[in-house]
Amino acid sequence: MIALRALLAKLRGRPIALCDVGDVDGLASAALFKKRHPEGVVILVGPSDVKKWWVRAFTWDFVADLPCPGKAKVRADHHVTNKPCAEAEYYDPNAPAAAVLAAKALGLENDAVAKELVEAAVQTDTANITDQRVRLLDLAVRYAGRGEKYAIVDLLAVRGLAALEEGPLKKLAERGIERHNFLLKIAELLPLEESLFIYSPVRLGISYRMLTIELEKRGVQFVNILVRRGYRTYRLYCGAHKEGRYNCAEIASKMGGGGHKFAAGAVIKAPIYNVTKPIYALAELLKPNVVYVLGKCDNIKLPCREVPVMSRGSGD
Ligand SMILES: [Mn+2]
């Protein structure tokens with residue numbers, strides 16, 4: 001458990017950092033902290049985890065790319081919606097990435113490896129990737145599990161982007177490319193209708209959030225992907241065009257989740273006596289002409305079209 005990891009670090013008198021688990025910016029910021037404090041311990045969490053009691057219980061030596069966890073000594077962040085709170089704030093809503101501010105906060109502005117990491121964070125956070133190594137890092141991070149992300153932070157702290165050239169980070173990047181290509185293949189098989197209802201009866205090892213974004217890029221206005229993650233467990237990913245008339249927050253909240261107008265989601269538990277209920281509950285809300293199934297239409301009592309995909313095992 002990550003709370004225990006933080007507690008142990010505290011007891012050993014090590015500096016602790018709290019960084020965003022979600023993207024290259026968060027991980028690059030964490031790597032900068034490790035570069036400055038090799039004995040330090042990084043904890044990676046998402047923005048919503050910051051409200052958890054154990055996160056609020058600690059005094060964090062360094063926080064990056066996240067809202068205030070309560071008690072923080074130094075914080076580097078560029079989100080307009082996050083209020084400053086730390087003893088020393090490196091906060092600039094106009095900064096292209098939190099890592100830019102993290103490097104400043106940690107006194108690493110002139111370090112060559114740090115410069116590389118900052119540049120990688122800027123390119124990914126501004127969706128303007130020009131360096132091939134940054135593209136590889138982005139794909140490695142997108143498809144990495146939590147444990148793998150800690151390994152990425154350590155490797156980046158020691159070697160910078162050169163860590164992508166061999167060993168575990170090269171492997172993670174290769175897996176990222178493979179999964180992303182699989183995602184693009186699925187996107188190609190789907191029709192570009194205004195609104196899509198997609199059902200995935202098994203997890204395909206892709207990022208479904210990325211698939212909603214990819215389909216929107218291609219012109220779909222409203223994408224709902226329902227993924228069956230277990231016998232009774234489902235996950236909804238909703239994506240809508242920012243200026244469109246569709247509202248993901250509304251759909252997600254009706255399914256027991258939440259989020260933004262343009263991106264929202266829900267985890268749904270089906271009743272034991274009716275394990276396919278979430279499919280029909282979502283269809284009731286969306287009233288789709290057809291359900292696109294990433295696999296077989298078996299037993300789905302709705303107009304259904306099969307999208308022939310090859311399963312690749314679990315991932316996101
Ligand atoms: Mn960021």
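I started at Lys287, which sits in the loop between α11 (277–286) and β11 (291–294). Helices (H or I, at least four residues) and strands (E, at least two) are DSSP runs, numbered from the N terminus. I noted that residues are numbered from 1 along each chain as its sequence is written. I also noted that this is a predicted model, where local features need pLDDT of at least 70, side-chain atom pairs count only at pLDDT 80 or more, and totals for chains, interfaces and linings use all residues.

**Two positive phi values**

Lys287 is not a glycine, yet its phi is positive, at about 45 degrees. Most residues other than glycine have a negative phi. I then asked: is Lys287 buried or exposed? Lys287 is exposed, because it has 8 C-beta neighbours inside 10 Å. The cut-offs, with C-beta atoms placed from the backbone: buried is 20 or more other C-beta atoms within 10 Å of the residue's own, exposed is 12 or fewer, and partly exposed is in between.

Asp65 also has a positive phi without being a glycine, here about 60 degrees. I found Asp65 in the loop between β3 (59–64) and β4 (71–77). Asp65 has 30 other C-beta atoms within 10 Å, so it is buried.

**Phe33 and its helix**

Next I looked up Phe33, in helix α2 (residues 24–36). Phe33 counts as buried because it has 30 C-beta neighbours inside 10 Å. Which residues does Phe33 contact, leaving aside its neighbours within four places in sequence? They are Ala17, Gly40, Val42, Phe62 and Leu106. Contact means that C-beta atoms, placed from the backbone, lie within 7 Å. I also checked Cys19, 14 residues from Phe33 along the chain; their C-alpha atoms are separated by 9.6 Å.

I followed α2 to helix α7 (residues 146–159): their axes come within 8 Å and cross at roughly 55 degrees. That angle makes α2 oblique to α7. From α2, the contact uses Leu27, Ala28, Ala30, Ala31, Lys34 and Lys35. From α7, it uses Lys149, Ile152, Val153, Asp154, Leu156 and Ala157. On angles, under 35 degrees is roughly parallel, over 145 roughly antiparallel, 65 to 115 roughly perpendicular, and the rest oblique.

**Whole protein**

I read off two domains: domain 1 (2–175) and domain 2 (190–307). Their centres, taken over C-alpha atoms, are 31 Å apart. Last, I checked confidence, pLDDT, which runs from 0 to 100. The protein averages 93, and 98% of the residues score at least 70. Confidence is lowest in strand β9 (residues 258–259), at a mean of 83, and highest in strand β7 (residues 222–228), at 98.

Conventions
Domains from an automatic or database assignment. Contact = placed C-beta atoms within 7 Å. pLDDT = per-residue confidence, 0-100. Axes fitted to C-alpha atoms, helices over the stretch in contact; angles between N-to-C directions.
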